[in-house]
Amino acid sequence: MSKFKKALVTGSAGLVGHEMVKLLCEEGWKVYGLDYDVRAYMFGEHASTFVTAKHDMNTYSNFTQLSVDIRDRKGIEHVFKTYGGFDFIVHAAASPAHEWSTNNALEDFDINAVGTMNIVEAYRQWSSDAVFVYVSSSKIAGDSVNTLPLIEMPTRFDLPMGHEYYWGVDEEFCRIDGSGKSLFGNSKSCGDLTCQEYARYFNLPIGIFRPVCISGSAHKGDKLHGFLAYVVKCVAEGMTYTTNSKFGKQLRDNIHAIDLCRAFYEFYKNPKKDGIYTIGAGRLSCCSVIEALHDAEEILNKKVIIEHSQEERKFDHLWCVYSSNKFKKDFPNWKIEYDRKTLIKEVCSPYLH
């Protein structure tokens with residue numbers, strides 16, 4: 001019998017996967033990671049996660065990196081049969097980009113919907129004693145947040161103080177029906193619903209987490225994905241930043257990947273039925289695009305060129321702040337460590353000398 005607890009992390013070289021690997025390895029787990037570096041294919045070599053995977057393999061002797069595509073059903077079966085049973089599974093691999101999904105609809109669906117089905121069915125067949133976490137998305141609720149009475153302010157859209165959702169929308173508000181999601185939101189919804197059904201039908205300990213924007217210094221920012229990382233990259237490298245209509249006043253909730261992974265770990269230690277959570281840093285770490293650009297300018301002591309496009313991003317969120325009250329009630333030991341200032345400073349840190 002192995003003395004190690006074993007974990008499987010999909011998307012292990014990505015932002016969330018890397019932080020999960022780091023957390024579990026430092027806790028003494030034997031960790032297996034699946035990553036096929038699809039990000040390099042989607043966004044270009046500059047967005048490749050190969051360096052992160054290599055770093056983790058060289059750093060942690062208790063980490064094994066496996067180059068397996070989650071769309072490869074036979075490959076996934078082999079992983080579970082060969083390296084399982086696992087005690088903990090975190091499914092973070094995904095096609096993550098709104099715009100990319102529009103022009104690559106079949107691939108996006110295969111990764112987010114079919115890939116998730118492959119993972120969760122292998123879990124049921126060969127590791128059903130494990131606790132399972134699915135990294136979902138705020139996009140499953142679509143643009144329903146735009147129905148709120150938002151006020152346009154000089155640098156952001158926001159709710160009036162005192163509104164019931166000022167501190168963030170909750171699970172009851174974030175329903176799947178009746179909103180525009182994007183094709184990415186649709187494929188993530190399929191994964192979300194699949195995991196819900198497996199939890200209820202097969203009585204499996206599955207947690208579903210729906211963050212807004214996730215960030216951290218390990219993020220490989222690109223124009224199509226990686227809000228804060230791409231903002232900082234534009235400022236640091238003297239690139240022009242082009243807003244998508246609304247003059248960059250869209251407000252976003254930004255949670256550090258390690259805060260999110262700590263939440264996953266709390267769920268592992270005491271999984272709850274109906275473990276479906278909106279989760280974010282809320283008012284501690286939210287900012288608009290324009291505010292993020294100004295923050296990065298101040299930290300890096302550089303000016304950025306901003307161009308305002310009138311191109312409308314279909315089903316864009318004008319405001320998206322998520323409440324974590326349900327999760328905090330279930331897991332009172334969890335708290336946000338990274339506020340807005342601390343998070344943006346860390347994202348800027350690779351450019352500071």
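Which helices each supply at least two residues of the lining of the second largest pocket? They are α3 (50-59) and α8. Some notes on that and the rest follow.

1. Ground rules. This is a predicted model, in which local features need pLDDT of at least 70 and side-chain atom pairs count only at pLDDT 80 or more, while totals for chains, interfaces and linings use all residues. Residues are numbered from 1 along each chain as its sequence is written, and side-chain values use heavy atoms, with hydrogens and water left out. Helices (H or I, at least four residues) and strands (E, at least two) are DSSP runs, numbered from the N terminus.

2. The second largest pocket. Its volume is about 320 Å³. There are 16 lining residues, and S217, A218, H219, K220 and P350 sit closest to the centre. Sorted by class, the lining has seven nonpolar, seven polar and two charged residues. (Ala, Val, Leu, Ile, Met, Phe, Trp, Tyr, Cys and Pro count as nonpolar, Asp, Glu, Lys and Arg as charged, and the others, Gly among them, as polar.) On a 1 Å grid over the protein atoms alone, a pocket is an open set of points with protein on both sides within 12 Å along at least five of seven lines, whereas a cavity is a set where a 1.4 Å probe fits but cannot get out; lining residues have an atom within 4 Å of a point. Points are joined across faces, edges and corners, and a volume is the space filled by probe spheres set on them.

3. The cavity. Searching the whole structure turns up one cavity of 30 Å³ or more. The largest cavity holds about 40 Å³ of space. Its lining is A13, G14, L15, R39, T49, A218, H219 and K220, which split into three nonpolar, three polar and two charged residues.

4. α8 against α12. The axes of α8 (residues 227-237) and α12 (residues 340-348) come within 9 Å and cross at roughly 55 degrees; axes are lines fitted to C-alpha atoms, for helices over the stretch in contact, and angles run from 0 to 180 degrees between N-to-C directions. The pair is therefore oblique (under 35 degrees is roughly parallel, over 145 roughly antiparallel, 65 to 115 roughly perpendicular, and the rest oblique). L228, A229 and V232 of α8 touch L343, I344, V347 and C348 of α12, with contact meaning heavy atoms within 4.5 Å. That makes seven nonpolar residues, no polar and no charged.

5. α10 against α12. Here the axes of α10 (residues 289-300) and α12 come within 10 Å, crossing at roughly 60 degrees, so α10 is oblique to α12. From α10, E291, A292, D295, A296, I299 and L300 meet R340, I344, K345 and C348 in α12. This contact has six nonpolar, no polar and four charged residues.

6. α8 against α10. These axes come within 9 Å and cross at roughly 50 degrees, which makes α8 oblique to α10. On the α8 side the contact uses F227, L228, V231, V232, V235 and A236, and on the α10 side V289, A292, L293, A296, E297 and L300. By class there are eleven nonpolar, no polar and one charged.

7. Backbone spots to look at. Most residues other than glycine have a negative phi, and most peptide bonds are trans. G84 and G85 are joined by a cis peptide bond, with omega about -5 degrees; G85 is in the loop between α4 (73-83) and β4 (88-91). K246, not a glycine, has a positive phi of about 60 degrees and lies in the loop between β10 (241-244) and β11 (251-256).
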